[in-house]
Amino acid sequence: SIYEMFGNECCLSTGEVIKVIGFKINKLIASICENNEVSQFSAKVELPLNFPGLYKVVADKTPYVSIEEITRKVSIGPTRFGHPCFYSPEDIKLANLTIKHGEQITFNSVEEVNGTMAVNCGVVRNNQSHSFTLPLSQEGKFYECEDDQIYTLKEIAEWKIPKCRNRIVKLSNTLHTWDSSNPLPENFDGCLILTPVYEVQAVMKFRKDIVHILSDLDVEVKDITDCYDISTFLQPLSLEDVFEKTSKEFPMVAEIMEGPSGSQKPYNLLYTGKEIVIYKKYQATRVLASEIRSDSPKRHFLIPMSYKGKFKRRPREFPTAYDLEIARSEKEQLHVVATKAFDSPHKELVSVSVGDQFLVQQCQTNEVLYEGRKQAIDVLACEQILSDTYKKVFLPMYMEGGFVEVIHDKKQYQLSEICKEFRLPFNVKVSVRDLSVEEDVLAAVPGLQFEEEITDSYLLISSTSSPVESWEIPVYRLNVSVHLLSKDVQTVVPPATKTTVEEISEEQYYMVRRYENQTHHPPPRPPKKPT
């Protein structure tokens, strides 16, 4: 049988030995869903895994009948996606703990405990986490919990579609404007039933790449696992697999089996057949930045702290007085111009006209007369700049106006200086490009907003043939497969490290912000008007 997949012709001849290394969803067949059923008016459409948009997963109403069934059909693993949650409609009594009916159980990992396969689980009570194990033999009804996270289609395909089941998802937001090539109806914001189409991932004895075989290919095969030495095959590893190895196992030599597209360094080093040294794994800091523009789509970047360009400040915009309080600092006085009028309902507080200028001072509590009685409200003390003097005034913290910053600071800043001296978000433009790189992608962007510092996972690599420089590559945003070679690393100390500004897609931007914000408490809500 001869077939062509991804531009590669592959011949499966009689007697060919293939090692299956995994199953992967190749694409999704989507139908519009009404009341958890396929709409009778809906045509089936094919969606690639990179189809834009973010989606919420609808909890499956069909229960699982045992822990063993869950481990067989649901992805459970060490990454942030691999911790599904279930509940039982009945109490589960364990030796030292009773899991109450309806209580959310998080499945963390599967391992052998005292000779029996079990799932490490956890429940949270009164902000305290309690850990326990459930054996695979545990029976009962287990239902999926509601999931309030948002996912890309690719993430749903990899982690959120159980084997032998479909998945209902609800469109959370569309990231691109609709056009005629979009297979979904215009302004669609409903639910879809996703049916996966699988491919088999395999390695063959005399090939160094991964072979992708559609699951509906008409080929007869026989299982010979028990009578064949599978150690003669290559063992592909993803970058996540490499990152999970212990620090003592680094450095290591690897050969690329599948690499990413891209002509820029370091991605042009990661082509099939290329040998690389992987020196170490670590966490590194990046600044998440977005292009300042009123229309969409905006461009998004992850900027390393080693970026050698310089920045000048650009005015920030503030939609409320509360945002002025968040932005003010002890280092310098915040000077703003009103861009929207505000008519104060209290004589103790100032009304604002477009063009009024203020120096922001501090937040305090003042009494105002409201419907004949005094009431304490939060206000922002400011100095209003008049033609020849300053006037002490108070803005209500709930004020929905509009302000733009007046910049007096003409200094040029390094990235590290901005992160140290100012509170993010912070608006800038590149004043001196990074001369250490051939093309500085940030230099062409008219304005950037530094949104937050994030921490991400990286591997440090170099070419084995010319190890004159080493590069940081992101673990979770590159689709790369390697196999390890039993070669000694010639230079254990990595050469000079190069970092690049990474431009990320809008989906990746939302994912980065989502994971980072899980570790932060949201800021307090601005005060409401007195009632």
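Student: In this predicted model, which residue of strand 14 stands opposite Y64?

Tutor: Y64 stands opposite F142 in strand 14, and the strand that holds residues 64-66, strand 7, runs antiparallel to strand 14.

Student: What makes strand 7 and strand 14 a pair?

Tutor: Pairing asks for at least two bridges between two strands, and strand 7 and strand 14 are joined over 2 bridges, so they count as paired. Strand 8 (residues 85-87) is likewise joined to strand 14 by 2 bridges in the antiparallel sense, with E144 as the bridge partner of F86.

Student: Why is the set around L28, L47 and Y55 called a nonpolar core?

Tutor: A nonpolar core consists of buried residues of kinds such as Leu, Ile and Tyr, joined through side-chain atoms within 4.5 Å, where buried means under 20% relative accessible area. The largest such core has 22 residues, and L153, I156, L192 and L194 are also among those with the most contacts inside it. Several elements each supply at least two of its residues, including strand 3 (18-34) and strand 16 (191-204), while helix 2 gives the most, with 4 residues. Apart from this core lies another, of 21 residues, among them L237 and W471.

Note on methods:
Residues numbered from 1 in each chain as written. Predicted model: local features only at pLDDT ≥ 70, side-chain atom pairs only at ≥ 80, totals over all residues. Heavy atoms only, no water. Buried < 20%, exposed > 50% of the residue type's maximum accessible area, 1.4 Å probe, protein only.
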